[in-house]
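Me: I would like to go through this structure with you, one point at a time. Please keep the answers plain.

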Amino acid sequence: MTVFQTGINNSSDILSDIADGYMKEVMVAPIARSQISIGNIISGAVVSTLQGTLTMVISLLMGFRINVLQILLLILVMLVSAMTFSAVGLFLATVSRNSPSFQTISSMIMMPLTFVSGAYIPTTMIPGFLLPVVYLNPLTYVTSIFRYIALGAYKMSSAELVREGMAFNIHGFIITPVMGLLITVLIGTVFFVLSVGKFSQADFSTVKLARTMRGGGAPG
């Protein structure tokens with residue numbers, strides 16, 4: 001959840017930079033807009049991964065036991081998923097083009113996707129009419145691969161993985177945790193291309209930030 005939320009929300013910073021005029025100084029540099037957007041995605045992924053790693057370290061200190069290989073695999077999955085969610089976040093930021101809209105859209109997306117991902121409610125208990133959303137949700141597959149690695153479920157059969165909610169049976173076709181990770185990479189690639197293209201063509205001259213209260217209670 002830490003990686004997901006940080007990755008999505010990271011792009012709000014670029015809207016702040018544009019609205020404050022800082023981005024104008026960056027854009028006059030001899031670099032392409034695409035490089036700025038790629039840098040934003042990578043920085044968001046790194047920050048998200050570091051925060052996710054810190055959360056994992058805290059869990060280890062609290063008694064959670066996994067081996068070194070599992071730790072390395074989890075960090076790798078964090079980085080892959082963070083790239084995906086950072087790309088999604090930048091796409092939403094370039095589409096909304098203002099802070100209030102971005103906050104609204106991201107909240108509307110994050111809340112439902114979180115609850116149908118299996119992170120809080122097992123996907124085996126989710127009503128059938130919501131299953132298409134579950135299968136299209138990249139967070140579902142990230143949650144699945146995290147559990148698969150953390151629990152060391154490598155020797156479980158496909159049927160057992162389906163029963164435990166770590167694999168998904170779609171009309172007889174089994175999506176294993178590894179396949180789910182590949183789907184996440186595919187979704188991330190699509191949004192990476194879309195976000196970089198959208199950012200390169202966007203007009204940010206009308207970007208606005210949400211109104212905030214500054215010293216003395218006066219509106220900013």
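Me: Is Met83 buried or exposed, or in between?
Reply: Met83 is partly exposed, because its relative accessible area is 29%; buried means under 20%, exposed means over 50%, and partly exposed lies in between, with a 1.4 Å probe and protein chains only. This is a predicted model, in which local features need pLDDT of at least 70 and side-chain atom pairs count only at pLDDT 80 or more, while totals for chains, interfaces and linings use all residues. Residues are numbered from 1 along each chain as its sequence is written, and side-chain values use heavy atoms, with hydrogens and water left out.

Me: Where is Met83, and what is it in contact with beyond its sequence neighbours?
Reply: Met83 is found in helix H5; helices (H or I, at least four residues) and strands (E, at least two) are DSSP runs numbered from the N terminus. Leaving aside neighbours within four places in sequence, Met83 is in contact (heavy atoms within 4.5 Å) with Ile41, Ile42 and Ala45. Met83 and Thr189 are 9.0 Å apart in space, C-alpha to C-alpha, and 106 residues apart in sequence.

Me: And Ile36, buried or exposed?
Reply: Ile36, whose place is in helix H4, counts as buried at 11% relative accessibility.

Me: How do H5 and H8 pack?
Reply: Helix H5 (residues 68-96) and helix H8 (residues 138-150) pack at an angle of about 175 degrees, and their axes are 10 Å apart. Axes are lines fitted to C-alpha atoms, for helices over the stretch in contact, and angles run from 0 to 180 degrees between N-to-C directions. H5 is therefore roughly antiparallel to H8, a term for angles over 145 degrees.

Me: Which residues make that contact?
Reply: H5 contributes Gln70, Leu73, Leu74, Val77, Met78, Ser81 and Phe85, and H8 contributes Pro138, Leu139, Val142, Ile145, Phe146, Ile149 and Ala150. These residues divide into 12 nonpolar, 2 polar and no charged. Here Ala, Val, Leu, Ile, Met, Phe, Trp, Tyr, Cys and Pro count as nonpolar, Asp, Glu, Lys and Arg as charged, and the others, Gly among them, as polar.

Me: Which residues touch the most other members of the largest nonpolar core?
Reply: Tyr148, Ile149 and Leu161 do, in a core of 16 residues. A nonpolar core is a set of buried Ala, Val, Leu, Ile, Met, Phe, Trp, Tyr and Cys residues joined through side-chain atoms within 4.5 Å. Helix H4 (33-61), H5 and H8 are the elements that give two or more residues to this core, and H5 gives the most, with 4 residues. Leaving aside neighbours within four places in sequence, Ile149 is in contact with Gln70, Leu73, Leu74, Val77 and Tyr154. A second, separate core of 11 residues includes Val88, Ala93, Met110 and Leu139.

Definitions and conventions. Angles under 35 degrees count as roughly parallel, over 145 as roughly antiparallel, 65 to 115 as roughly perpendicular and the rest as oblique.
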